[in-house]
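This briefing is meant to be read beside the sequence and the coordinates.

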Amino acid sequence: EPAARILEAAERFDADLIVTGSHGRTGYQRVLMGSVVEALLHKSPRPILTIPSHLEALPTAKVTFSRIVCAVDFGAPSLNALAHALSIAEETDGQLTLLHVIEMPPELAVPHGPEIDVDRIRLQAQAACRAKLQALIPEHAREYCTIETAVLEGGASRQILRLAADRQADLIVLGVHSRNAFDLAFFGSNSKDVIRLAACPVLVVPASQHHRSLRAAS
């Protein structure tokens with residue numbers, strides 16, 4: 001089984017990162033061509049960098065990621081992903097955008113009354129999320145890179161891809177939860193869609209790592 005052999009090799013080498021191609025196909029072709037990548041994403045305790053097949057050939061010069069989008073849902077996995085994104089952005093003096101997506105309309109989370117102010121509730125929810133994103137940025141980080149925050153409403157994968165396109169991102173960073181049956185549904189509906197449709201490489205960071213952190217740009 002290719003995925004198992006790759007994971008064994010990564011363990012033997014104590015690898016910081018696994019790099020693999022992603023075919024980005026759907027349906028029957030994806031089952032045939034994407035099964036190894038999908039198995040790695042589900043089983044690897046190490047970060048995985050997926051490279052889309054439609055990406056233009058890279059130059060022979062040193063490759064750096066200077067425009068990075070990191071999705072943050074405030075859970076532990078996304079905070080681990082944020083640490084990786086910050087490390088890469090600081091090393092490349094890049095531009096990092098922290099994105100939080102509100103998937104459930106905020107007004108549904110409060111009791112409905114006859115005079116509910118939907119616009120006010122949404123603005124308050126967005127402001128609260130922006131404040132939480134700002135609080136995650138270390139004080140020293142802005143000395144080495146440019147950091148902005150964004151809060152969008154809608155489907156997570158669609159908004160991640162949309163913002164990455166708007167920012168012309170050359171890297172998307174995602175954190176994924178533990179891969180039990182419950183979390184697999186979330187992983188399948190969001191992270192895999194981003195990996196399949198992204199126009200740039202995607203760095204997938206697992207919930208926890210037993211080995212040293214990714215040496216981002218060394």
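This is a predicted model: local features need pLDDT of at least 70, side-chain atom pairs count only at pLDDT 80 or more; totals for chains, interfaces and linings use all residues.

Residues are numbered from 1 along each chain as its sequence is written, and side-chain values use heavy atoms, with hydrogens and water left out.

**Overall fold**

- The protein has seven helices and seven strands, where helices (H or I, at least four residues) and strands (E, at least two) are DSSP runs numbered from the N terminus.
- Their order along the sequence is α-β-α-α-β-β-α-β-α-β-α-β-α-β.
- Of the 218 residues, 43% are buried, a term that stands for under 20% relative accessible area, with exposed meaning over 50% and partly exposed the range in between (1.4 Å probe, protein chains only).
- The accessible surface is about 11,700 Å², and carbon and sulfur atoms account for 55% of that area, as computed by the Shrake-Rupley method with a 1.4 Å probe.
- Among contacts between residues at least 6 apart in sequence, 80% join residues at least 24 apart, a contact being heavy atoms within 4.5 Å.

**Nonpolar cores**

- The largest nonpolar core holds 30 residues, and the members that touch the most others are Ile 160, Ile 172, Leu 174, Val 194 and Val 202; such a core is a set of buried Ala, Val, Leu, Ile, Met, Phe, Trp, Tyr and Cys residues joined through side-chain atoms within 4.5 Å.
- Elements that each supply at least two residues of this core include helix 1 (2-13), strand 4 (95-102), strand 6 (171-175) and helix 7 (181-197), while the largest share, five residues, comes from helix 6.
- Ile 160, leaving aside its neighbours within four places in sequence, is in contact with Ala 71, Leu 99, Ile 172, Leu 174 and Val 194.
- Another core, of 25 residues, lies apart from this one and has Leu 49, Val 72, Ala 89 and Val 173 among its members.
- The buried residues of helix 6 are Ala 156, Ser 157, Gln 159, Ile 160, Leu 161, Leu 163 and Ala 164, and the helix is followed by Gln 168, whose phi is positive, near 55 degrees.

**Salt bridges**

- The structure holds seven salt bridges, each defined by a side-chain nitrogen of Lys or Arg within 4 Å of a carboxyl oxygen of Asp or Glu.
- Glu 1 and Lys 43 form one of them (3.4 Å, N to O); because Glu 1 lies in the segment before helix 1 and Lys 43 in helix 3, the pair ties together parts that are 42 residues apart in sequence.
- Asp 14 and Arg 46 meet at 3.5 Å, N to O, and link the loop between helix 1 and strand 1 to the loop between helix 3 and strand 2, 32 residues apart.
- In that pair Asp 14 is partly exposed, with a relative accessible area of 29%, whereas Arg 46 counts as buried at 2%.
- Arg 167 and Glu 148 meet at 2.5 Å, N to O, and since Arg 167 lies in the loop between helix 6 and strand 6 and Glu 148 in strand 5 (residues 146-153), the pair ties together parts that are 19 residues apart in sequence.
- Salt bridges that share partners join Glu 11, Asp 14 and Arg 46 into one network.

**Single residues**

- Gln 126 lies in helix 5 (residues 118-135) and counts as buried at 17% relative accessibility.
- Residues up to four places away in sequence aside, Gln 126 touches Ile 102, Val 151 and Glu 153.
- Cys 70 is buried at 0% relative accessibility and Cys 129 is buried at 11%.
- The count of disulfides is zero, where a disulfide is a pair of cysteine sulfur atoms within 2.5 Å.
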